Structures are given as structure tokens and as C-alpha cells.
Amino acid sequence: MEKIIIKNLNLEYSDGTESLRGINLNIPANQISVLFGPAGGGKSTLLRVINRLNDLADVTRVEGQVVIINMDGSKTEVLDPKIDVIGLRRRIGMVFARPIVLPLTIRGNLTYGLEVAGVKNKQRLDEAVEHSLRQAALWEEVADRLDDPAVALSGGQQQRLCLARSLVLEPEIILLDEPTSGLDPISTTKVEASLQELKNKYTVILVPHSVQQAARTADYAAFFLQGELIEQGPGKNLFVNPKDQRTEDYVEGRFG
Amino acid sequence: MNQDKSLSRYRTQRFGFLLLTVIAILTSLPILLVLLVIVVKGISAISFEFIFGMPSNGMKSGGIFPAILGTILLTLGTAIFSVPIGIGAAIYLSEFAGDNKWTKTIRLAIINLAGIPSVVYGLFGLGLFVIFLQFGTSILSGALTLAIMTIPVIISTSEEALRAVPQSFRVVSVSLGATRWQTIRKIVLPEAKPGILTGVILGLERAAGETAPILFTAAVFFLPSLPKSIFDPTMALPYHLYVISTQVPGMPVNVQYGTALVLVVFVLSMNIFATLIRSRARALRQW
């Protein structure tokens, strides 16, 4: 079952650097979809189309269709200028390449999304904090110091905090933009293990930081090269039996 | 031979450092001398009565309380007008306005405003507030004039402080479903607060010490009683100092320097306060 349907998407930045050309991609629900390929291929840009974060960037032209299938079967046209963008972003969690914790306490980072949404009930906030930290496998490590500044955590902990923060709003979709690029192998394993848990509840879209991670985690994979979607398919097939020569070369490590 | 060469290079370097050290000391020498002279010549005038008393005997004795109060009132008035407008404009420029012709014009105007001599502000205040708007020579006219002079300083320092907040904080905040305004209020402003506060204080400090803008708009030489409303004229420290130093024959030297000492302490303590805020914020900053 599809969660996101992307049809004929074109995008251009004003300086013409990174862009997307004719992207057609269906993201399956409750799976980990991996967008991989060399840097500058448009993977991050595509992630930021889905939650309209490109609104903050210098994008001159976006064309095509991005549709999210809602829980009740109705559809949300992401690129429609009239949609409730704030509401859309609340349904989509995002984790960035560097752990960017807000200059608040650990608790403050987690409750931020709920507070800006108007939630004041202390009990509900506390429950959300604990629940999200458990999902990100961080609860045991920070339970007794929730009111410390979040920057006091280690890099790996900060990134799991960011993951937890994106889960607090109970989104339908989670976007991860190279979430483990700055992490040590142990932290990376923890994050990847969390993702395997999370896909039962959420649709996960991951831009991995290596081909190995792509192959490890992908249920569905799409290979991007210089703004074009070269090949896509169920994860294991794409890595074992790539159809396109360029995909094969990249997966085999002949360029990248 | 080779060794000699490197030895002479070493000497040149040492000489260079020494020269730079001397220059650095020289630059701080004037401020130390100014303070020293003012303190030595003025400290004998300082007393409880000097600070909290009314002037008597044609200013030659008694206190300078009306001038101190006047400067405090003018500074507060300046703050009331300039702080909200200055910070508001900075938020607009940093967070909402794009980089286009319109904002370039605004920025150019701000830079030019900051470069206008203060006496021109005084003349402008005289024309607009005192005469045209009929506020008369009053605390209100003076505070408004000083505010116009201070606003560019507050805008540029506040904008700088706002821009120093990492863009990634804004992106994360928005990705969590915050509106632009929520992002500014909950993340950007708290982070920029020390920088903004420093800019505000430095701007106000300049206003507190200025003579020319209040010369035509607010200050008078002598008042028998304290001002009763914002439409009354007032005495003020910088203007008082100017008058007793140039216009009153037979003025005791220690009263002149005592007045200068009070003004300098007033302005310097604001400066030190600003520095404390900044260093405290730096110590707390962890990203």
C-alpha cells in the first residue's frame, strides 16, 4: 500500500545547483524506503519537498504532484499552496544529518512540538516525553536528567533525542536525512534498531550515509544520480540484481 | 651563517611583537588618563549633598540632583521610544524581509542615520517636536530626538544578534510544526537576547552622554524646581557640564570635574553592565 505518491516532480533552486528532474516514486506505507546515491543527487531536496521545508529555502520552481494518502483514505496535495503547511509538518517528523538540538532542556526539546501546537496538559506532555524517549531507545540513559540542557548529551544521544523529538507528535511519516552520518558504530546500530521498530507504526524515509546502510535497512530503495531517479524497487532486489549499469557501478563501489 | 639568519629573524619577530604591545598600551592610555584626571580633580566635590541636593549660589555650590534626574528621565524616555521600534525593525529585517531593493534601501538609510552628526539630530528635533508638534522644550521632545538618534544603533546591533542565531534552529523549529512567529518568540529571541540587550544599552549609553540633541530640545541651564511632567524642560548632566565649564565665570574646578565624574560613572556603569551580560551569555552558550 502506498503512503506517498510522487508524480513527475521537477524542482529548481534559484542558483541552479541541486535540482530534481522528472521524479516518479511511490513510497510504501509502514516500510523503510531508502533514497541513496552520491552527494548532490537531490535526495535531501526530495525529503524537504515532502514536508514543505523547501519553503524556507531559495527554491524558484516546483512542478508535479506529491500526494500523501491519509489514514482515512483521503489525499493531501503537498504542493498545493492552499494546504495547512503547519498541520502537514505536524504529521511528518524529520531528523537531520547533524544532531540539531534546540537550545532548551532535554524535556524542552521533546515537548516543543506539542507546546507550539497548544498542548498544555502536564500529564500528557510527561507521557509523550517518556513514550518518545523509549521509542528512540534513550529513556534509560536520560530519565533522571530530563531538565538538563540537551547539549550536555553526547552526539549519539543528541541524535536519538532528535529522533524522539520527531516522534512526539505521533507523525505518520518520518524523514531521516543521513541521521547517522556523525555517529559512532554503536550509536548507529541503536538508531537503525529503532527504525526497525518504528516502521511498524510509521512510514520511514531514510537517506542513508552509506551504501552499506542502504542495503542493511532498505525495504524499498531508490537510486538517485544528479537529480534523476535512476532505478527503484524492493530493497534486496536492487542491491543484489541492479538493472541499470549506473546503479550496479555505485552499489559495487566503482564510483561514489 | 644559516643559524645567524634565523637568529636575526627571531629578533625581528621579537621586536615586532614588542612594537605591537607598546601600540596596544598606547591606545588604552588616553582613557586611563581621562579617568585619572577626572577622578583626581573631581573627587573632592562628591558628597551626599552634591548628588542629592539642589544647586544654589548660581550653581557654584549645592548639588546637581536636577541634572542627574534629568539625564535618567531622558534616558528612560529614549528607551521607551527606541527599544520597541529598534528591536521590531531588527526582527523584520532579519526574520521576515528578503534581500531585495526595498530592504537594501532600508539598510542604507539605517547606516546613514547612524553617521549623521548629533547636532543635526538636535536641529531636526527642534523643528519637528519642539516647534511643529508644539511639544516645546521638554523631556518629551528631548527623549524623542535622542530616540531617533539611538534607533539605528539598536537596529544594527539587534539584527546582528538575531542573524547570529544558527539557521538550523529555525529549520528544526519549523519542521516541528512551529509557525514563523513561534520560532522567533520561543527560539530566536531568547538566543539573541544577550546580544540585543548589549546593543540597547550601548545605544542608550550614547544617548545619555550626548549634549547636542538636547541642546535645543530639552535642556535648560537652571530650574528652580524639578520637572513636573514630560512637557517640562529639564536640566541634564552633559548640558550642565557644558554650561558650568564655559558659561559661568568663577566656577570652582572641583564642581566641574565632579559633574564630569558623575556623568562618566553613569555611562561607564551602563557599559560594564552590558559587558557583564555579554560575558555571562558567552559562558552559558554551549553550541
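Which residues in H3(A) are buried? The answer is given in the legend to View 1, after the conventions.

**Conventions.** This is a predicted model, in which local features need pLDDT of at least 70 and side-chain atom pairs count only at pLDDT 80 or more, while totals for chains, interfaces and linings use all residues. Residues are numbered from 1 along each chain as its sequence is written, and chains are lettered from A and ligands numbered from 1 in the order in which they are written. Helices (H or I, at least four residues) and strands (E, at least two) are DSSP runs, numbered from the N terminus.

View 1. The buried residues in H3(A) are Ile106(A), Asn109(A), Leu110(A), Thr111(A), Tyr112(A), Gly113(A), Leu114(A) and Val116(A). A residue is buried if 20 or more other C-beta atoms, placed from the backbone, lie within 10 Å of its own, exposed if 12 or fewer, and partly exposed in between.

**View 2. The contact of chain A with chain B.** The contact takes 18 residues from chain A and 16 residues from chain B. On the side of chain A that touches chain B, the elements that give two or more residues are helix H2 (85–90) and H3 of chain A. By class, this side has 13 nonpolar, two polar and three charged residues. Ala, Val, Leu, Ile, Met, Phe, Trp, Tyr, Cys and Pro count as nonpolar, Asp, Glu, Lys and Arg as charged, and the others, Gly among them, as polar.

**View 3. The open sheet of six strands in chain A.** The strand order is E6-E7-E8-E3-E9-E10, with mixed pairing; two strands pair if DSSP finds at least two bridges between them. Strand E6 (92–95) and strand E10 (228–234) of chain A stand at the edges with a single partner strand each, so one side of each is left without a neighbour in the sheet. Neighbouring strands of this sheet are turned by 15° against each other on average, direction ignored. Angles run from 0 to 180 degrees between N-to-C directions, and axes are lines fitted to C-alpha atoms, for helices over the stretch in contact. Strand E3 (residues 32–36) and strand E8 (residues 203–207) of chain A pair in the parallel sense over three bridges, and Ile32(A) stands opposite Val204(A) in E8(A). Strand E9 (residues 220–225) of chain A runs antiparallel to E10(A), with six bridges joining them. Ala221(A) has Gly233(A) in E10(A) as its bridge partner. The hairpin of E9(A) and E10(A) has two residues between the strands, and Gln226(A) takes a positive phi near 45° there.

**View 4. Helices H6 and H7 of chain A.** Helix H6 (residues 155–167) of chain A lies across E6 and strand E7 (173–177) of chain A, and runs at about 170° to E6(A). H6(A) packs with helix H7 (residues 185–198) of chain A at an angle of about 15°, their axes being 10 Å apart. H6(A) is therefore roughly parallel to H7(A), a term for angles under 35 degrees. Gly156(A), Gln159(A), Arg160(A) and Leu163(A) in H6(A) meet Ser187(A), Lys190(A), Val191(A) and Ser194(A) in H7(A). The residues of this contact divide into two nonpolar, four polar and two charged.

**View 5. The open sheet of four strands in chain A.** The order is E2-E1-E4-E5, with antiparallel pairing. Strand E2 (20–28) and E5 of chain A are the edge strands, each pairing on one side only. Neighbouring strands of this sheet are turned by 5° against each other on average, direction ignored. Helix H1 (residues 43–50) of chain A packs on the sheet and touches E1, E2 and E4 of chain A, its direction making about 115° with that of E1(A). Strand E1 (residues 2–13) and strand E4 (residues 59–69) of chain A pair over eight bridges. In E4(A), Arg61(A) is the bridge partner of Glu12(A).

Methods:
Contact = placed C-beta atoms within 7 Å. Parallel < 35°, antiparallel > 145°, perpendicular 65-115°, else oblique.
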